[in-house]
Amino acid sequence: MAHEEFQKKYKEGQPVVAICYDFDKTLSPDDMQAQGFIQSVGYDVADFWTASNGLATNNAMDQNLAYMYMMKEKSAGKVLFTKQQLTEYGAKVQLFPGVEEWFERIRAYGKNRDVIVEHYIISSGLKEMIEGTAVAQAGAFEQIYASSFYYDENGVAIWPAQVVNFTNKT
């Protein structure tokens, strides 16, 4: 078997460094769903996760599919479950101190050393909520890989379109 030598990737004549981040409890101190959404559907945060994890366990179901199902089901008749609404919940997500400045600071550090730094999200959280955060709105991320919903023509969430679980992340 021939040994292939590693080749650096270059963009605009400079090497690229990609930094990948989880979101919940990495950039934010808590799960994004627990920062307004769960409360809006009348659940205590701990009770929501207990019910969601129980649903997954009792049905041999992926935990991320279970929480997405619970979000959709428990929002019925209480809150609009739309892409727009999820993005608005995302705008309220609290970040750890320094996170908002981090991405540009590291890009500048790389630029001073002739390296392009790109930031990526790989999260089991919701893409729509991450897209609503201040850092995403500011263009911090090259790409966001996260769980997301399929929406109807009115923007109402119908079904999971993409699920990123712990296995997918790796």
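## Salt bridges in the model

A salt bridge is taken here as a side-chain nitrogen of Lys or Arg lying within 4 Å of a carboxyl oxygen of Asp or Glu. In this predicted model, the side chains of Lys25 and Asp31 meet that description, with an N to O distance of 3.8 Å.

A search of the whole structure finds 3 salt bridges, and another of them joins Lys169 to Asp22, whose closest N and O atoms are 3.0 Å apart. Lys169 belongs to helix H8 (residues 166-169) and Asp22 to the loop between strand S2 (14-21) and helix H1 (37-40), so this pair ties together parts that are 147 residues apart in sequence. Both ends are partly exposed, with a relative accessible area of 22% for Lys169 and a relative accessibility of 26% for Asp22.

## A pair within helix H5

Glu104 forms a salt bridge with Arg107, and the closest N and O atoms of this pair are 2.6 Å apart. Both residues lie in helix H5 (residues 99-111), where they are 3 residues apart, about one turn of the helix. An α-helix has 3.6 residues a turn, so residues three or four places apart point the same way. Arg107 counts as buried, at 19% relative accessibility, because the cut-off for buried is under 20% relative accessible area.

Within H2, the residues Phe48, Trp49, Ser52 and Ala56 are buried. These four cover an arc of only 90° around the axis, which puts them on the same side of H2. What covers the buried residues of H2 includes H1 and helix H3 (63-75), while Thr50, Thr57 and Asn58 are exposed on the other side of H2.

## The ends of helix H2

At the start of H2, a side-chain oxygen of Asp44 comes to within 3.1 Å of the backbone nitrogen of Ala46. Just after H2, the residue Ala60 takes a positive phi of about 45°.

Note on methods
Residues are numbered from 1 along each chain as its sequence is written. This is a predicted model: local features need pLDDT of at least 70, side-chain atom pairs count only at pLDDT 80 or more; totals for chains, interfaces and linings use all residues. Side-chain values use heavy atoms; hydrogens and water are left out. Helices (H or I, at least four residues) and strands (E, at least two) are DSSP runs, numbered from the N terminus. Buried means under 20% relative accessible area, exposed over 50%, partly exposed in between (1.4 Å probe, protein chains only). The arc is that of the directions from the helix axis to the C-beta atoms. Contact means heavy atoms within 4.5 Å. A polar contact is a pair of N or O atoms within 3.5 Å; within protein, one must be able to donate a hydrogen and the other to accept it, and residues adjacent in sequence count only if both atoms are side-chain atoms.
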